[in-house]
Amino acid sequence: MFKEETGNNPESKAEFTIKPYQDTQAETWDYFVECHSVNGTFLQQRRFLNYHENGRFEDCSIWIYEKQKIAAVCPACVQWEGTKKVFYSHAGSTYGGVILSKEYLRINKIRRIFELLETYLREQGFQKCVLKLTMERLCLYPQDAVKFYLGYSGYQEIRELNLYIDYDSYQEDLFHNFSKMKRRNIKKCLNAGLEFKLLVDRDDIQQFHTVVEKNLLKYHVSPVHTVNEMMDLKKRLEGNIEFYGVYCHGSLIAGTMVFLFPKVRCAHTQYLATDPSYASSNAMTFLYYKTAELYRKREFRYLSWGTVTEHGGKKINWGLANHKEEFGSMCVINSIFEKYL
């Protein structure tokens, strides 16, 4: 246990402590993130993080307590930059960061938590801290106080541009929110008989994975997840993940993997891919349209399309940004904070 040094500070009546996470504490961890945090999602729960094969990441996750009460958790793993030991939250998830309960979204408590965290990390031999904050649309309360304090205390902010639909700002007629070109291409897809279906079994997921592989060939990279990992996620994240595909004459030609966050009524597309052989079919446009239609019917508030920036926000994919904006999308900043200790 690592304790806060309170000294004679009258503001520090309660002592904060840090304890390492143990594998036997997964249920308690997940309950805190789900039921008590304001900026935590299943992406910071052990039921998600544990899909990674044993040994893929060296876990260094922590609990932060005020007296005997859980104030926060921070999922993290050890990474290396040359010889520098990095506390990375989290390399195995879209988001990490310090996950707080509501009463700790106060600037002085935030200060004390992060001061203790940095002291703890130095004691553990870390030379850098990286925190991938949860996208604001997934938070129950804004993280502005956290972001302000991190900047105030010397963290550098890396900003990624994420596009999303806010259905509350949409016109009632779905088509009227799209550009003329998108509307025209969608009508072509409907006339061509393209179909949009839920992907259910392993054969479906295998076909979807093949489409993703083909789509990524031009970038000389492989999908982040294997077929087995996708099936594992489908099982362990029941209620929080769905797969959909676009079919042309019975063949899967495009698809998406969608994460669902019911508490904030947000759906987030983790993959959006089309088979390059069918590029002229406008299958990707049809996929966006049917996905937007689906989650509006299910009364979601937001549909996130993911980021359009690369290399830590240093480069914008202009074509991708324009494509997503033509569906009536707007922007939100995803923030990553890092600091050398």
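Ile 107 counts as partly exposed because its relative accessibility is 44%, where buried means under 20% relative accessible area, exposed over 50%, and partly exposed in between (1.4 Å probe, protein chains only). This is a predicted model, in which local features need pLDDT of at least 70 and side-chain atom pairs count only at pLDDT 80 or more, while totals for chains, interfaces and linings use all residues. Residues are numbered from 1 along each chain as its sequence is written, and side-chain values use heavy atoms, with hydrogens and water left out.

Ile 107 sits in helix 3 (residues 107-123); helices (H or I, at least four residues) and strands (E, at least two) are DSSP runs, numbered from the N terminus. Together with Phe 148 and Tyr 152, Ile 107 makes a nonpolar surface patch of about 390 Å². Areas come from the Shrake-Rupley method with a 1.4 Å probe, and for residues only the protein chains shown count as cover.

Phe 148 and Tyr 152 turn up again in helix 4 (residues 144-152), where they are exposed along with Asp 144. What's buried in helix 4 is Val 146, Lys 147, Tyr 149 and Leu 150. These four lie on the same side of helix 4 because they cover an arc of only 165° around the axis, the arc being that of the directions from the helix axis to the C-beta atoms. They pack against strand 8 (99-100), helix 3, strand 9 (128-132) and strand 18 (330-340), with contact meaning heavy atoms within 4.5 Å. Just after helix 4, Gly 154 takes a positive phi of about 100°.

Over to the interior. The largest nonpolar core has 32 residues, and Tyr 167, Val 246, Tyr 295 and Leu 303 have the most contacts inside it; a core is a set of buried Ala, Val, Leu, Ile, Met, Phe, Trp, Tyr and Cys residues joined through side-chain atoms within 4.5 Å. Helix 8 gives the most to this core, with nine residues. Leu 303 touches several residues, including Tyr 164, Ile 165, Ala 267 and Tyr 295. Apart from this core lies another, of 31 residues, among them Phe 243, Met 257, Tyr 271 and Val 332.

How values were computed
Patches are made of residues with over 30% relative accessible area and no salt bridge: like charges are joined within 9 Å, nonpolar side chains (Val, Leu, Ile, Met, Phe, Trp, Tyr) within 5 Å. A salt bridge is a side-chain nitrogen of Lys or Arg within 4 Å of a carboxyl oxygen of Asp or Glu. Lists of a residue's contacts leave out its neighbours within four places in sequence.
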